[in-house]
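Here are my notes for your review, as numbered points. Please read them with the model open.

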Amino acid sequence: MKLGVLSADRPLVWMLPLVAMLVAFTIIPLIYNIWLSFHEYAPFRRRLEYVGFENWRMLFSDSRMWEALGTTMFYFTVVLLVELVLGMAIALLLDAEEFGFGFLRSILTLTLVVPPAIVGMMYLLIEDAEFGVLTYVLEIFGILDKTTPILATGSLALWGVMLADIWQWTPFMVLIFLAGLRSLPSEPYEAAMLDGASAFMTFRRITLPLLSKVIAVATLIRGIDIFRMFDYVFVMTSGGPGTATYTLSLYSWQQTFSFIKWGYGATLSLFTLVIILVIANLFIALAKVRW
Amino acid sequence: MNDSDKKIYRAKVVNDYVLGKMNRRTFLRNASALGLGAGVLGTGMVRPFRSFADSQSPLEPSADVLAWVKDVSGPFAGTTLRLATESTPPSNAINSLLKHFFEEASGINVEIEVLPLEQVLQKLTLDIASQLGTYDLYYIDQSWAASVSRDVFDPREQIAANPDLAMPDYDTDDFLTALVNGISLYEDRWVGVPYDIPIFIMQYRKDIWDELGFGAPETLEQYYEQAKAITDTMGPEVYGATGQMKSGHYSLECDWTAWLWGHGGSIFGPDNRFAGNDEAGLAAMEYWDRLHATMPPGVTSWTWDGQGQSVAQGVAASMMSWGEFFPYFDDPNATKVSGLMEAARCPKPKALRTLAETGFGEIPGVGHQGGSSLAVSRNSKSPDAAWIFMQWATCYDTQVLITALGGGTGPTRESVYDDPRIIANNRVGAGTTRHLNVVRETIAKDMGSEPDLPQWAELSNDTIPVRLGKYFAGEYASAKEAMDDIAQATDKIVSG
């Protein structure tokens, strides 16, 4: 049968639908965003007006933006590290054929199907100073009392938000690491056992190197996701107390949709994109990820 | 029958009567057995206002009004109108209970998106900027009125421009003048008509107040002393006061203005510069600090929702806040305080600035209002159909139904307060209207309105509440430092 342009040796034709979607939903919005960053919406004239580099100048002199960037970086670092370490630890524990472990592995997906905004609402209640179960437990152990509301205390609020993120997304890391662990060959482990290697040595010298690609991919995916985090702070703290939990995403949403600063909002989101690209590519280079 | 069961049964009886499921004779017999006086029927106060309105009328839209809707909607049958609105009692009542009457009569479909306030603003600004006319009607919080004033029709102009589509007896003069001035008027234009009116009133636990021998607080200082006494004697189980003090949230700004205005301060001075850092402003902060100490610890993480819950669950004994909560407090199925709450006017301010002593049309008053308007978008593709719907949604008859069925929200029309169907709901139970006299008096005598300026959305949602949040999180050395910081940021934004 003659397929003409649809023959297998013409991959471009097969890729056209995907390319079209990419252009429509990614490339064009990106170009529009770049264009928008050189304009600003004038509410009383009801039109976008060209402002040159004003938005970019404002971006670098905006102390709130730098503060939000600092908060985002801190959040990104802590949450990513905790989810990585905790995810790996739980994956190692569950990587065994013990009674009930299969069930445990299957329920790991449960947190992932809950929308982050709902998780935010849950933790808003869990951490409430008056009614929250976490506050209650911490009070029993004498760690914290009602007079120090977690989400309304500058030094604690971001940790309170992180808790929601870690609870929801650590199982994602566990699942990826578990899949990786289960695909590892058994021979190196048998050799290590014969050589008398300790469990830690086996993990450091065999498991980690063999899992490096899996870890790299998980880190990249979660890292990008964490950097864009919006839902939890939106629901739980609105960026407060003060500006303690303002992330770049929340700040750019606020500028765009609450204050009708379309151009500045676009500039902030482009800046966020640039930072993510730089960090991701640096990571790919340093971790020697090969696709 | 124990007290709780009695309250639930009492509420059910009154609800059945109000909804027309029980005749007057049976109701009176039950009411008498339950110890309800004739006052629950408003029998001493009822005065017929309009021919079609009396306490025996079924709670359905007036046939005259629906006939008018049918008459004028012919050319627009099949049109679909869209409105994005906050989840407020009027919107919820229209959406779930009343809309279908309009749709059946008019043949016009109405899609109402009920969203959090921030998302309504997002939809509205997107629609204005794109000029796509996705939404035909705008729900406009009073703090946005200045920003969108040019994007909606002035209803008076609509009436004049198209008399054929004007509802007979729509009567724009019936909207409470204070609300028109405080919510819908920007410069000389009406930015829609007043649609709902959440307003600060004093709501307190009558049982606790009685137990401690207190009367309703008459001054702010007396309120503080009462709140402190309750916290001292009943805390930490029950606190004397509560608040809506979540950092960075509009609710915190609302709370602040009540204390600021109540101490003779204002947000702006006549020179249009921030004035919250003057002597009166700092006195308000000093008072607020003291009152804060009488509130539950979690108050700095609550918006109005948390504030309402703290009263509903019996954790706090009073709040000076939105009157819309009152009918909810009386719901025996939802709260622990049904029948225990009392409404009163806010305590008298220590001093009050006049309009001339403030800037940007700010009207100081302890009864902070957070009302909103409903208007037809200039970008609407079906402005006439939208105008018909808007008139129906805000006319006298529909407002009565909204108030009676929609949970006792404060009407924006003078006449609705006197409607027998509204007075009949003046009893303990879900959707009570027994607080509405206080609401009406507050609108007339105590109402405070925020300034009108295009930058107000940013100032009230960010600049002020973020810094107040920082203050309560201990990030400023003093109230003066916090207020000076707000002054600097505000003046910079206002001067552009």
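1. Start at B:Gly264. This glycine follows H11(B), and its phi is positive, near 80°. Keep in mind that the model is predicted.

2. Now the helix before that glycine. Helix H11 of chain B covers residues 250–262, 13 residues in all. From first C-alpha to last, H11 of chain B reaches 19 Å. That is close to the 18 Å expected at 1.5 Å a residue.

3. In H11(B), 13 of the 13 residues are buried, so the helix is largely enclosed by the rest of the structure. The cut-off for buried is 20 or more other C-beta atoms within 10 Å of the residue's own.

4. Domain layout of chain B. Domain 1 takes in 63–198 + 371–423, and domain 2 takes in 200–367 + 451–495. Their C-alpha centres lie 30 Å apart.

5. Where do the domains of chain B meet? On each side 13 residues are involved: 13 of domain 1 are in contact with 13 of domain 2. Helix H6 of chain B (residues 145–148) gives the most to the domain 1 side, with three residues. By class, that side of domain 1 has six nonpolar, seven polar and no charged residues.

6. The interface between chains. Here 26 residues of chain A are in contact with 31 residues of chain B. On the chain A side, the largest share is three residues, from helix H11 of chain A (residues 248–258). The chain A side divides into 12 nonpolar, 10 polar and four charged residues.

How values were computed:
Residues numbered from 1 in each chain as written. Chains lettered and ligands numbered in written order. Predicted model: local features only at pLDDT ≥ 70, side-chain atom pairs only at ≥ 80, totals over all residues. Domains from an automatic or database assignment. Contact = placed C-beta atoms within 7 Å. Helix = DSSP H or I, 4+ residues; strand = E, 2+ residues; numbered from the N terminus. Nonpolar A, V, L, I, M, F, W, Y, C, P; charged D, E, K, R; others polar. Expected span 1.5 Å × (residues − 1). Buried ≥ 20, exposed ≤ 12 C-beta atoms within 10 Å, placed from the backbone.
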